[in-house]
Amino acid sequence: MATIEDAPLVTVVEGILNRVANHRGVLGLMVISPKDGSVWKTGTPNYPPNGGPPLDEAVMQQHASKLHAFVGLTRSIVRTLDVENELDFLRIRSKKHEFIISPAKEYVLIVIQDYHMKQEAAPPVAAKSPKKTSIQEGEAAGES
């Protein structure tokens, strides 16, 4: 059984964790076992996203347990619908958080983020009026 301490897996996972932890709105991330849902590694961002503390270990453990069961059920549903298909990515949005889950054979990566922060950071989009075609211009002038 592969573990998080295996050298090639550690390098891959650490790189992913470091890259993801720096995204705006990330509250926490974890790597869990695909077999039993045990938490191998947790991580929190290098900065407090809302000025408050990141998720604590007990909350992350609870999320890991529930999401592991949900991933297993979702994998089963995908395989039931099409035996040649498999689950690659899962995104769950609640009122408070967004859970982004990437299940692999060796591990399951779960990112918990405050998606409200991500939306607030986006610049406003200016409304553009659609260009009129020659047919629309003729109708506006009263021609048929």
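**Close-up views of a predicted model**

**View 1. Strand β5 is covered on both faces.** V108, I110 and I112 lie on one side of β5, L109, V111 and Q113 lie on the other, and all of them are buried. The model is predicted, not experimental. Because 6 of the 6 residues of β5 are buried, the strand is largely enclosed by the rest of the structure.

**View 2. β5 pairs with β1 and with β4.** The pairing of β1 with β5 is antiparallel and takes in 6 bridges. Within β5, L109 is the residue opposite V31. β4 and β5 also run antiparallel, joined by 6 bridges. Here I100 has V111 of β5 as its bridge partner. A stretch of 4 residues separates β4 from β5, and the two strands form a hairpin.

View 3. Helix α2 covers residues 57–81. Its 25 residues should span 36 Å at 1.5 Å a residue, and the C-alpha atoms at its ends are 36 Å apart, so the two values agree. Which residues of α2 are buried? They are M60, H63, A64, L67, H68, V71, T74 and V78. These buried residues pack against β1 (26–32), β2 (39–43), β3 (90–93), β4 (98–103) and β5 (108–113).

View 4. L73 is placed in helix α2. An α-helix has 3.6 residues a turn, so residues three or four places apart point the same way.

**View 5. L55 sits in the loop between β2 and α2.** Is L55 buried or exposed? Its relative accessibility is 18%, and residues under 20% count as buried, so L55 is buried. Neighbours within four places in sequence aside, L55 is in contact with L27, T44, M60, H63 and I112. L55 and G43 are 12 residues apart in sequence, with their C-alpha atoms 9.4 Å apart in space.

**View 6. E98 forms salt bridges with two arginines.** How many salt bridges does a search of the whole structure find? The search finds 2. In the bridge between E98 and R91, the closest N and O atoms are 2.9 Å apart. In the bridge between E98 and R93, the N to O distance is 3.2 Å. Salt bridges with shared partners link R91, R93 and E98 into one network. E98 has a relative accessibility of 3% and therefore counts as buried. R91 is partly exposed, at 49% relative accessible area, and R93 is also partly exposed, at 49% relative accessibility.

**View 7. The whole chain, for orientation.** The protein contains 4 helices and 5 strands. Along the sequence, their order is α-β-β-α-β-β-β-α-α. The protein has 144 residues, of which 34% count as buried. Among contacts with a separation of 6 or more, 48% are between residues 24 or more positions apart. The accessible surface is about 9,800 Å², and carbon and sulfur atoms account for 55% of that surface.

Methods
Residues numbered from 1 in each chain as written. Predicted model: local features only at pLDDT ≥ 70, side-chain atom pairs only at ≥ 80, totals over all residues. Heavy atoms only, no water. Expected span 1.5 Å × (residues − 1). Buried < 20%, exposed > 50% of the residue type's maximum accessible area, 1.4 Å probe, protein only. Contact = heavy atoms within 4.5 Å. Pairing = 2+ DSSP bridges. Areas by Shrake-Rupley, 256 points an atom, 1.4 Å probe, with all protein chains shown as cover. Salt bridge = Lys/Arg side-chain N within 4 Å of Asp/Glu carboxyl O.
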